[in-house]
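Hi,

Here is the model I promised to pass on. Have a look first, and my notes follow below.

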There are 2 protein chains.
Amino acid sequence: MIIPTNTLFLLKRLSKAIKNLGNKKRTTIKDIANVLDISPAAVSKALHGDSRISAKTIEAVKEVAKKLNYQPNHLASALRKGKSNLVGVIVPKTNSNFFSSVIQNIEEILNKEGYNIIITQSNESFKKECNNIDALLFTQVDGIIASMANETIDLDYYEKIKSYGIPLILFDRGENNLNVDYIGIDDYQSSHLIIEHLVGQGCKRIAHIGGFKHTRIYNNRIRGYVDAIKKHNLPLDDELLFESSLTIEDGREKMNQLLALKNRPDAVYVAGDYAALGALQVLKENRINIPKDIALVGFGNEPFTSMVSPTISSINQHSGEIGRQAALTFLERVKMTPVKQTLNKIILNAELIVRDSSNINWNL
Amino acid sequence: MIIPTNTLFLLKRLSKAIKNLGNKKRTTIKDIANVLDISPAAVSKALHGDSRISAKTIEAVKEVAKKLNYQPNHLASALRKGKSNLVGVIVPKTNSNFFSSVIQNIEEILNKEGYNIIITQSNESFKKECNNIDALLFTQVDGIIASMANETIDLDYYEKIKSYGIPLILFDRGENNLNVDYIGIDDYQSSHLIIEHLVGQGCKRIAHIGGFKHTRIYNNRIRGYVDAIKKHNLPLDDELLFESSLTIEDGREKMNQLLALKNRPDAVYVAGDYAALGALQVLKENRINIPKDIALVGFGNEPFTSMVSPTISSINQHSGEIGRQAALTFLERVKMTPVKQTLNKIILNAELIVRDSSNINWNL
DNA sequence: ACAACTTGCTTAATCGTTTAAGCAGTTGTG
DNA sequence: CACAACTGCTTAAACGATTAAGCAAGTTGT
């Protein structure tokens with residue numbers, strides 16, 4: 001056992017302090033200070049490796065800290081420093097591969113910089129989202145990284161975050177009007193990718209089951225769809241374009257409506273994988289040949305797209321990269337004092353992953 | 001505009017304070033105290049509705065608080081009260097329906113009681129789990145609700161939680177030796193349910209792709225399998241029993257091994273849905289009739305089990321109820337001072353959901 | 001030899017809230 | 001009328017860590 005100090009006196013204090021460990025509270029810098037007979041301030045500095053504290057003292061402090069199992073009280077230092085080193089993350093749901101992967105990457109980057117993250121889910125409910133924001137602000141987070149619920153139109157609560165003077169970073173489901181950082185893929189361009197691909201497969205009447213127009217990303221996908229269709233001089237028919245909640249059930253519903261048309265489409269581009277899955281089920285139930293009769297493309301590259309039969313073509317949103325960029329953007333913003341927010345978009349190129357559901361060379 | 005006080009003097013102070021809102025820091029109880037010319041202590045009490053503060057003062061304080069957009073500093077009160085009102089949740093992954101649903105229910109209950117939760121994921125990595133525990137303890141959480149990573153054998157870090165004197169609640173993946181609360185389903189009994197069902201379908205040679213034995217729940221499923229097989233006097237063959245990581249890939253691998261047997265099984269019970277999916281893929285690739293030639297049952301009732309074709313029979317683990325019970329158990333424990341931990345198991349009955357993959361009346 | 005640094009600490013204030021203790025003034029009780 | 005109890009506040013300490021300011025002793029430069 002190496003005791004950093006040689007006086008019997010200090011040794012006695014140490015063992016007394018160790019004895020007290022059992023009954024009492026947690027060890028504080030004061031306890032360490034008492035053992036070594038120096039001031040708490042010196043202990044604090046020693047623990048932070050302050051250059052004005054002698055190497056000998058630093059070592060002694062660290063030794064005693066370890067012996068007494070000292071754990072810094074984060075609340076105290078956060079209060080004093082005005083920084084909690086916590087970052088709030090709000091997502092519509094965690095049980096989606098996209099969001100779970102984004103979170104994982106945010107966490108990885110931020111942990112390295114000493115931040116911890118608080119994950120909350122809105123379950124696509126505006127009210128829950130507001131509660132989450134309040135809870136995070138209440139917890140004194142140093143910033144918030146969020147993707148909005150589908151329902152969210154009123155931006156007051158996001159303005160509230162801004163008014164706190166902490167960085168707000170949006171990803172995937174964002175909103176220009178807030179004038180904050182945004183990270184996402186190029187939804188407009190993604191639609192083009194999909195339409196090009198379907199045209200290449202020989203499709204001539206392409207439907208789109210889109211998300212709600214009021215959500216920017218879905219609106220962009222719809223705009224992309226419309227423009228790409230026009231570009232290829234394909235029929236742009238009102239009955240081929242739907243707004244949907246993009247759940248499995250609604251995917252089924254909209255697909256049924258498409259099948260009920262006199263003039264059926266020969267391809268369907270669905271703006272979400274879950275709805276695409278619903279559409280797939282309906283197609284199979286109706287014994288429709290996929291992709292020969294109707295080709296299908298989803299969006300999001302959820303793992304199940306490669307599990308179902310036929311496998312579903314989809315758009316890879318680079319969730320990992322989105323998470324990374326969101327975290328890095330936060331780190332940049334938080335360095336500024338005072339925090340300045342400006343509209344700053346990072347748009348990644350998406351990638352179309354062609355699978356059986358839209359590959360005419362399959363299942364001939 | 002209703003001003004709770006009638007003196008011009010106070011009115012002036014209020015408008016001055018409101019003016020200061022822009023440039024300065026956040027509003028504190030001190031600011032409110034200054035406006036009303038009372039002590040910060042009185043403000044604090046007023047905000048908490050202390051009976052020793054007059055109704056008039058309480059109203060005035062609340063009015064000014066609203067006007068100055070006062071938001072309590074959680075760090076300060078947490079420091080003072082020695083309670084952060086934060087609960088840490090550790091799960092192996094969030095992108096599983098089971099865990100995501102458990103979390104949702106924990107959150108719902110705890111939010112009502114004024115707690116917020118910090119969700120962390122271990123990604124089935126022991127190291128990550130240790131980091132998470134450290135991060136949560138560092139954040140001064142008031143308790144931890146966790147489900148262990150598959151890798152976790154060394155329990156030192158969990159002992160560390162206990163040594164902090166905060167409640168530790170385990171669910172699903174637990175460990176008796178820690179002597180803490182545990183909430184889960186009856187895994188042993190679930191295996192019986194499955195075997196009974198398969199026997200009822202006429203299966204006579206039932207294989208089990210199980211999880212790792214060192215994880216209690218998987219061990220229980222294996223024991224249940226073995227005992228149920230014995231009970232029905234079916235062949236209990238070493239080559240029919242595997243330990244697996246239960247990923248899709250490993251499910252594929254183990255299924256391939258089963259197909260390579262001279263004496264193939266006529267049913268496979270897989271201890272996890274993802275591995276069951278892998279097994280399903282292999283069966284389909286080998287044009288094996290499901291369930292006539294080989295029946296299949298999974299575990300966990302992940303949503304995709306009802307999406308794939310054929311749909312996969314599985315065990316519903318009552319994730320919602322597990323989350324609720326975990327939260328309620330925490331609330332009970334945290335009330336005790338000092339917190340007492342004892343081995344206390346809440347075991348829920350699981351439910352077998354029979355789908356096409358093990359229903360002989362289907363696909364004849 | 002004396003100013004000017006440097007070293008290695010201490011002192012005391014501070015972050016924002018809570019709370020035990022206490023103090024006037026009022027009301028109630030026997 | 002005296003004493004108790006209540007009302008409505010104030011004072012001051014505390015939670016644990018950080019940090020600006022300062023001080024004493026030693027070191028360096030001229």
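Let's start at the DNA. Each of these supplies at least two residues of the surface near DNA strand C: α3 (40–47) and α5 (74–81) of chain A, plus α2 (29–36), α3 (40–47) and α5 (74–81) of chain B. (Helices are DSSP runs of H or I with at least four residues, strands are runs of E with at least two, and both are numbered from the N terminus.) The biggest contributor to that surface is α5(B), with 5 residues. In total, 25 residues surround DNA strand C, and the closest include Ser39(A), Ser54(A) and Thr28(B); "near" means that the C-beta atom, placed from the backbone, lies within 6 Å.

Some housekeeping: this is a predicted model, where local features need pLDDT of at least 70 and side-chain atom pairs count only at pLDDT 80 or more, while totals for chains, interfaces and linings use all residues. Residues are numbered from 1 along each chain as its sequence is written, with chains lettered from A and ligands numbered from 1 in the order in which they are written.

Within chain A, the axes of helix α2 (residues 29–36) and helix α4 (residues 55–67) come within 10 Å and cross at roughly 120°. (Axes are lines fitted to C-alpha atoms over the stretch in contact, with angles from 0 to 180 degrees between N-to-C directions.) Ile32(A), Val35(A) and Leu36(A) of α2(A) make the contact with Ala60(A), Val61(A), Val64(A) and Ala65(A) of α4(A); contact means C-beta atoms, placed from the backbone, within 7 Å.

Cheers

Notes:
Contact = placed C-beta atoms within 7 Å.
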